[in-house]
Amino acid sequence: PIPRVHVTHSSAAAFCGIPCVLAKLEYNTPFMLTEHGVYLREQYLSLGKRKLSSYLNTFLIQLIHSVTSINYYFADQVSPVCHYNTRWETKLGVEREKIEVIYNGVDKNLFLENFNVKTMVPTVVTVARIDPIKDIMTLIRAAAEVRKKIPNVKFIVYGSVSVPTYYEECLALREELLLEDTFIFAGHLSNIVQAYHSGDVIALSSISEAFPYSVVEAMMTGKPVVTTDVGGIREALGDTGILVEPRNPSELATGLLKLLTNDALRYELGEEARIRALSYFTLDQVLDHHLKSYLKLSLKSSLFGNSKPLAEDFNRVTEKTTEALGALRDIQKTGAQQKLLAEKGYALMDLGFLEQANSQFRRAVAEDPHSPGVPVYLSEIAKIYNKLGNYEAAMNEMEKVNTFLEMQTIADASIIA
């Protein structure tokens, strides 16, 4: 049973938002949706790495799109952790007036400053899980370049192994570059503050991020950061650190050397980072923004008598349910023309005019080839060919879907870039 409450809150546009949608339909309960990452994009990346069949990929793509779309459709407030993510959300049909960014924050009383303490040897610390998306291999190659200038430098990575095969690749590269004594995998550390304090510079080599806690935590401890310029990191760091191009070990090494060889600059950036973190990214600010959002949304709650519960009005329930089903098909709302073409395709397909529907879906793809809806429309084309008995053409379309998914693992946010 769905409880009657003042506000519902989902932490992702995913399956966890379904109870919020049901509460919206049954009681018109205000729905707040917060997102650290972009669930749809994360699933694109995940599917791109799996070796699933074309038809299973099609099913999962459509399922994920449906769940994401219905979350966005019914949410009263969508709060990503950075403005970078809003580009995805607006592309997927979220109205701009519904978006309110709430940055991540950390406990200033836990992450205490330590920018004036120098380590025994020059040390670069990374706090990240061992995962391809963190691109540890680029960090290893950068370490090899830094060691040429600073022979006694140490690189320490604190984090658990999430992809064992990738970890093995990292170990092989470390051995190949003769970095066993330079590059250390320290595993998970329960005292995360100690990890930041153990380094002179904090490095992050990710190829994709939303608004990483590791950057904000490092800033709060007064440690300068050298990081790839992906996701919302630029919003967090401002001009208090060094941003580099992803997958570029030479540029990463240059940034690290700049700070490791300049004590004054390192301390200056560390102090500025601490001030910026205290100004914008504290846990108190996060809690305050959430509380204000709850209070604002609760004023619309039917529990306060400001609106009639949908369950008491059958016609409104029917209307909303119909709209919800429409939202499942209108997967993106990526533009009026593309939306219209896709709707025509679905209508023609429902009526049995498969070839005409095929034409409309192709026009929808051509309207915006980079739209997140493209793999869905291509899978519909494949489905039509399958029904027509043209299995070779169906497989060709599914190959296009797989290619589209694989591209998500190559370029950060390539769908909307």
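## The sheet

In this predicted model, 3 strands form an open sheet with parallel pairing. Their order is β1-β2-β3. The edges belong to β1 (8-10) and β3 (77-80). Each has a single partner strand, so one side of each is left without a neighbour in the sheet. Direction ignored, neighbouring strands are turned by 20° against each other on average.

Strand β2 covers residues 31-35 and pairs with β3 in the parallel sense. That pairing runs over 4 bridges. Across it, Met32 stands opposite Gln77 in β3.

## Helices on the sheet

Helix α1 (residues 18-27) packs on the sheet and touches β1 and β2. The direction of α1 makes about 150° with that of β1.

Helix α4 (residues 83-91) also packs on the sheet. Its contacts are with β2 and β3. Relative to the direction of β3, α4 runs at about 140°.

## The α5 and α6 pair

Helix α5 spans residues 136-149, and helix α6 spans residues 164-176. Their axes come within 10 Å and cross at roughly 10°. Angles under 35 degrees count as roughly parallel, which makes α5 roughly parallel to α6.

Which residues in α5 and α6 meet? From α5 come Ile136, Met137, Ile140 and Arg141. From α6 come Tyr166, Glu169, Cys170, Leu173 and Arg174. The residues of this contact divide into 6 nonpolar and 3 charged, with no polar ones.

Definitions and conventions:
Residues numbered from 1 in each chain as written. Predicted model: local features only at pLDDT ≥ 70, side-chain atom pairs only at ≥ 80, totals over all residues. Heavy atoms only, no water. Axes fitted to C-alpha atoms, helices over the stretch in contact; angles between N-to-C directions. Helix = DSSP H or I, 4+ residues; strand = E, 2+ residues; numbered from the N terminus. Parallel < 35°, antiparallel > 145°, perpendicular 65-115°, else oblique. Contact = heavy atoms within 4.5 Å. Nonpolar A, V, L, I, M, F, W, Y, C, P; charged D, E, K, R; others polar. Pairing = 2+ DSSP bridges.
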